[in-house]
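Here are notes for a colleague who is meeting this structure for the first time. Please read them with the model open.

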Amino acid sequence: MKVKKYYIYAVIFVIFLATFFHYMNRAGLRQFSDFRVSYSAAERFAHKEYLYSKFEDKTIANFKYSPFFAMLFAPLSVFTLSQAGAIFFAINFVFTILIFVFSKKIIMEGGVSSKETLWLYLLPFLFTFRHVLAVLDAGQVNIVMVGLVVMGLYFLKKGNEPVAAALIMLSIMFKYTP
């Protein structure tokens, strides 16, 4: 059962478009969205304002992450909220694919058949798709964090400890520092 790669790419593209339009259609309706918090903190960072004061807009929760996290988001603050949300959604989607690719590389070293590869991607996708959609919809950074950790584990397995450490450290700096 040889699956042509362009069919896989077409399916990924259709999934991207469907989830992207769903995200953009709901983006303006969301209150207390994680992305709105991150975007607002990035605007504050870019304007050299204090990150941890309460937002005037009561539909935005307080920012509780590291300044490093706001610094990483700062480039998105030059765009409108909608444009930045679209860019961040695309970044999250790419990291979702990277999680699957690097996980397979960690688990399966040798050559595997096309059928085995299809199952290695399809089953985890089916079991996690609902949860991935929830994270994408909320505009959370969790997918990027997991992607960085998985890539770090891959480089650790390959013996490239400095790159592995940098990727895992970057992931930790997003949310887990006070």
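1. Most residues other than glycine have a negative phi. Lys48 counts as exposed because its relative accessibility is 77%; buried means under 20% relative accessible area, exposed over 50%, and partly exposed in between, with a 1.4 Å probe and protein chains only.

2. On the source: this is a predicted model, in which local features need pLDDT of at least 70, side-chain atom pairs count only at pLDDT 80 or more, and totals for chains, interfaces and linings use all residues. Residues are numbered from 1 along each chain as its sequence is written, and side-chain values use heavy atoms, with hydrogens and water left out.

3. The chain has seven helices and zero strands, giving the pattern α-α-α-α-α-α-α along the sequence. Helices (H or I, at least four residues) and strands (E, at least two) are DSSP runs, numbered from the N terminus.

4. Of the 178 residues in the chain, 34% are buried. The chain exposes about 10,700 Å², and carbon and sulfur atoms supply 69% of that area; accessible areas come from the Shrake-Rupley method with a 1.4 Å probe, and for residues only the protein chains shown count as cover. Among contacts (heavy atoms within 4.5 Å) between residues at least 6 apart in sequence, 67% join residues at least 24 apart.

5. The largest nonpolar core has 36 residues, and Phe35 and Phe63 have the most contacts inside it. Each of α1 (5-27), α2, α3, α4, α5 (114-138), α6 and α7 supplies at least two residues of this core. Such a core is a set of buried Ala, Val, Leu, Ile, Met, Phe, Trp, Tyr and Cys residues joined through side-chain atoms within 4.5 Å. Leaving out residues up to four places away in sequence, Phe63 touches Val37, Ala41, Leu51, Tyr52, Phe55, Phe69 and Ala70.

6. Ser77 sits in the loop between α3 (67-73) and α4 (81-107). With a relative accessibility of 14%, Ser77 counts as buried. Its side chain reaches the backbone oxygen of Ala74 at 2.6 Å. Beyond residues up to four places away in sequence, Ser77 touches Tyr39, Ala42, Glu43 and Ala46.

7. Met71 belongs to helix α3. Its relative accessible area is 38%, so Met71 is partly exposed. Met71 and Glu43 are 28 residues apart in sequence, and their C-alpha atoms are 9.5 Å apart in space.

8. In α6, the buried residues include Ile143, Val144, Gly147, Leu148 and Tyr154. The 16 residues of α6 should span 22 Å at 1.5 Å a residue, and its end C-alpha atoms are 22 Å apart, which agrees; the expected span is 1.5 Å times one less than the number of residues. After α6 comes Gly159, with a positive phi near 90 degrees.

9. Which residues of α7 are buried? They are Ala164, Leu167, Ser171, Phe174 and Lys175. These residues cover an arc of only 90 degrees around the axis, so they are on the same side of α7; the arc is that of the directions from the helix axis to the C-beta atoms. The buried residues of α7 pack against α3 and α6 (142-157).

Methods
A polar contact is a pair of N or O atoms within 3.5 Å; within protein, one must be able to donate a hydrogen and the other to accept it, and residues adjacent in sequence count only if both atoms are side-chain atoms.
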